[in-house]
Amino acid sequence: MRRKLFAAVFAVAVVSGLAAGCGSNDPNVLKVGTEGTYAPFSFQGPDGKLTGYDVEVVQAVAGKLGKRVEFVQTPWDAIFAGLESKRFDLVANQVTVNPDREQKYSLSQPYTTSDGVIVTRADKPGITTLPDLNGKVCAQSSTSNWSKVASGAGCKVEAVEGFVQAIQLLKNGRVDATVNDTLAVGEYTKTTSDTSVKVSGKTGETSHQAFAARKDSGALTSEVNGALDALRADGTLARISDKYFGTDVSK
């Protein structure tokens with residue numbers, strides 16, 4: 001029932017995103033693609049409005065540029081296709097910097113630094129390092145950086161729409177583990193007090209997250225970088241980070 005409810009809510013978000021992506025090319029509007037289902041970065045608050053660390057950071061960036069943000073909620077596995085098809089100008093959804101993405105897209109300077117962790121059921125020992133994932137099954141968004149980390153360790157990937165579904169499959173015993181960002185996992189643990197899953201190990205990798213624009217949008221990326229420099233200098237990034245994480249992850 002919970003999975004059906006999630007699917008229904010998700011479908012509504014996608015339809016809303018499609019509608020939002022059909023607006024005019026207003027120079028005063030920055031169209032931003034984001035999931036809206038990935039707490040604490042991009043999610044629906046108690047009032048039903050989109051909120052989160054990435055949401056607030058990109059709104060602050062737009063403020064520095066004298067623009068307002070129009071969000072286009074999009075499933076992660078379709079988010080880069082949406083960028084390439086010009087449904088929006090920028091992706092704000094914890095895009096991990098890696099060589100493949102640097103080649104395909106115009107990435108901003110990083111605004112988040114974090115570590116990867118392995119999550120398993122609390123009652124299942126034996127998986128504490130990446131090599132332990134070899135031959136196991138991991139629930140991952142198929143196009144995510146963490147999916148590449150898991151598959152690179154020899155874990156068979158069970159494709160999911162996002163972190164919430166990954167945890168649900170893990171709790172139901174359909175997969176052995178999921179690999180994700182320590183900040184996202186920490187938020188899940190804090191807000192749910194779920195003791196049926198645990199962080200069983202670290203991936204040993206520190207990742208950096210940035211905004212992604214199309215390769216031909218170098219001018220926009222330069223403007224975004226200038227805004228991030230200003231937000232870092234005036235303490236805005238640190239304040240937003242402390243609000244969501246209790247520490248500055250923007251360094």
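Residues count as buried when their relative accessible area is under 20%. This cut-off is applied here to a predicted model.

Helix α6 spans residues 163-171 and is mostly covered. Seven of its nine residues are buried. These are F163, Q165, A166, I167, Q168, L169 and L170.

Helix α3 covers residues 76-84 and includes W76. The relative accessible area of W76 is 6%. That value is under 20%, so W76 is classed as buried. Neighbours within four places in sequence aside, W76 contacts E35, N93, V95, R101, S141, T143 and S144. R232 lies 156 residues from W76 in sequence. In space, the C-alpha atoms of W76 and R232 are 27 Å apart.

The second largest pocket was also examined. Its volume is about 280 Å³. The lining of this pocket comprises 15 residues. Those nearest the pocket centre are N25, D26, P27, V29 and D89. By class, the lining holds eight charged, five nonpolar and two polar residues. Two elements, β1 (29-34) and α8 (218-233), each supply at least two lining residues. β1 gives the most, with three residues.

Notes: Residues are numbered from 1 along each chain as its sequence is written. This is a predicted model: local features need pLDDT of at least 70, side-chain atom pairs count only at pLDDT 80 or more; totals for chains, interfaces and linings use all residues. Side-chain values use heavy atoms; hydrogens and water are left out. On a 1 Å grid over the protein atoms alone, a cavity is a set of points where a 1.4 Å probe fits but cannot get out, and a pocket is an open set with protein on both sides within 12 Å along at least five of seven lines; lining residues have an atom within 4 Å of a point. Grid points are joined across faces, edges and corners, and a volume is the space filled by probe spheres set on the points. Helices (H or I, at least four residues) and strands (E, at least two) are DSSP runs, numbered from the N terminus. Ala, Val, Leu, Ile, Met, Phe, Trp, Tyr, Cys and Pro count as nonpolar, Asp, Glu, Lys and Arg as charged, and the others, Gly among them, as polar. Buried means under 20% relative accessible area, exposed over 50%, partly exposed in between (1.4 Å probe, protein chains only). Contact means heavy atoms within 4.5 Å.
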